[in-house]
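Dear colleague,

The notes follow directly after it.

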Amino acid sequence: MAYRHSPAWLPLLLMSLVSLLTLTCATVRSSFNYAAEPDPRKQEYELGPADIVRVTVWHNAELSGDAIVRPDGTITLPLIGDLRAAGRTPPQLRAEIAERLKTFVKDEAAIVTVAVSTVNSYRFTVAGHVERQGAYTSTHYVTVSEAIVLAGGPNRYANPEQIVIIRADKKAGKPRRIPIDYPRILTGQFPEQDIPVTTGDIVYVP
């Protein structure tokens with residue numbers, strides 16, 4: 001088979017396309033409103049499956065104890081039985097427990113407290129060209145740069161300027177993509193892009 005030389009203009013065309021793609025991605029990043037993304041560190045913690053809560057009913061040790069949030073999002077408590085916990089904050093859960101206990105506990109002085117003893121539901125995925133891709137958990141919220149570090153950082157095949165966070169959008173009913181320029185986060189040029197990773201996020205390193 002005869003070998004054909006590439007036209008002289010082809011390298012210039014390819015360079016132009018790469019430059020255009022880079023410019024387009026940079027434009028998307030510069031126009032993205034990172035400040036509008038939720039910061040779970042500034043909000044009341046929402047319980048999720050596998051979290052463990054400690055319920056204490058003052059002067060009622062038999063009604064107190066630990067409860068694990070099951071995969072269906074519920075917990076089981078003495079007398080009360082099953083109640084929804086996932087997606088609710090500890091104060092919201094405490095209010096319902098106190099209300100439902102009124103049927104069984106006549107002591108008006110009975111005080112209910114709910115505390116999160118173990119966080120297990122905070123899970124996210126780091127995929128693509130990183131040293132250790134997979135699902136990760138943490139007992140505290142991490143930023144996108146910290147998540148990438150947990151995965152060993154980008155490998156030699158990575159394009160760290162084109163990282164995206166794939167995040168579920170309940171309103172739109174489909175995932176959305178958040179562009180991240182990792183090198184410029186590290187250099188301090190785009191600190192606003194180092195947003196917290198939320199439960200269920202996928203950090204994809206192309």
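The protein chain holds four helices and 10 strands, where helices (H or I, at least four residues) and strands (E, at least two) are DSSP runs numbered from the N terminus. Please keep in mind that this is a predicted model, in which local features need pLDDT of at least 70 and side-chain atom pairs count only at pLDDT 80 or more, while totals for chains, interfaces and linings use all residues. Residues are numbered from 1 along each chain as its sequence is written, and side-chain values use heavy atoms, with hydrogens and water left out.

Read along the sequence, the elements of the protein chain follow the pattern α-β-β-β-β-α-β-β-β-α-β-β-α-β. Of the 206 residues in the protein chain, 35% are buried; buried here means under 20% relative accessible area, exposed means over 50%, and partly exposed lies in between, with a 1.4 Å probe and protein chains only. Contact means heavy atoms within 4.5 Å, and among the contacts in the protein chain with a separation of 6 or more, 54% are between residues 24 or more positions apart.

The sheet

Five strands make up an open sheet with mixed pairing, in the order S7-S6-S10-S8-S9, two strands being counted as paired if DSSP finds at least two bridges between them. Strand S7 (134–137) and strand S9 (176–180) stand at the edges with a single partner strand each, so one side of each is left without a neighbour in the sheet. From one strand to the next the twist averages 25°, an angle taken between the N-to-C directions of axes that are lines fitted to C-alpha atoms, on a scale from 0 to 180 degrees.

Within this sheet, S6 and S7 pair in the antiparallel sense over four bridges, and a hairpin of five residues joins S6 to S7. Arg123 stands opposite Thr137 in S7. Strand S8 (residues 163–167) and strand S10 (residues 202–205) also run antiparallel, joined by three bridges, and Ile165 has Val203 as its bridge partner in S10.

The nonpolar cores

A nonpolar core is a set of buried Ala, Val, Leu, Ile, Met, Phe, Trp, Tyr and Cys residues joined through side-chain atoms within 4.5 Å. The largest one has 22 residues, of which Phe124, Val126, Val144, Ile180, Val197 and Val203 touch the most other members. Two or more residues of this core come from each of strand S6 (123–128), helix H3 (144–150), S8, S9, helix H4 (182–186) and S10, and H3 gives the most, with three residues. If residues up to four places away in sequence are not counted, Val197 touches Tyr122, Phe124, Tyr141, Val142, Thr143, Val144, Ala147, Arg167 and Val203. Another core, of 20 residues, lies apart from the largest one and has Tyr45, Leu63, Ala85 and Ala86 among its members.

Aromatic pairs

Rings of Phe, Tyr and Trp (its six-membered ring) pair if their centres lie within 6.5 Å, and planes under 30 degrees apart count as stacked, over 60 as edge-to-face and the rest as tilted. By this rule there are four aromatic pairs. Phe32 and Tyr34 form a tilted pair, with 4.8 Å from centre to centre and 55° between the planes; Phe32 is partly exposed at a relative accessible area of 21%, whereas Tyr34 is buried at 6%. Tyr122 and Phe124 form a tilted pair as well, at 5.5 Å centre to centre and 50° between the planes, and both residues are buried. Together with Tyr136 and Tyr141, Tyr122 and Phe124 form one aromatic cluster.

Salt bridges

A salt bridge is counted when a side-chain nitrogen of Lys or Arg lies within 4 Å of a carboxyl oxygen of Asp or Glu, and the count comes to 12. One of them joins Arg41 and Asp39, at 2.9 Å from N to O; Arg41 is partly exposed, with a relative accessible area of 49%, while Asp39 is buried, at 14%. Glu96 forms a salt bridge with Arg88, with the closest N and O atoms 2.4 Å apart, and Glu96 is partly exposed at 22%. In the salt bridge between Glu99 and Lys102 the closest N and O atoms are 3.3 Å apart, Glu99 being partly exposed at 47% and Lys102 exposed at 53%. Elsewhere, salt bridges that share partners join Glu37, Arg167, Asp169, Arg176 and Asp201 into one network.

With kind regards
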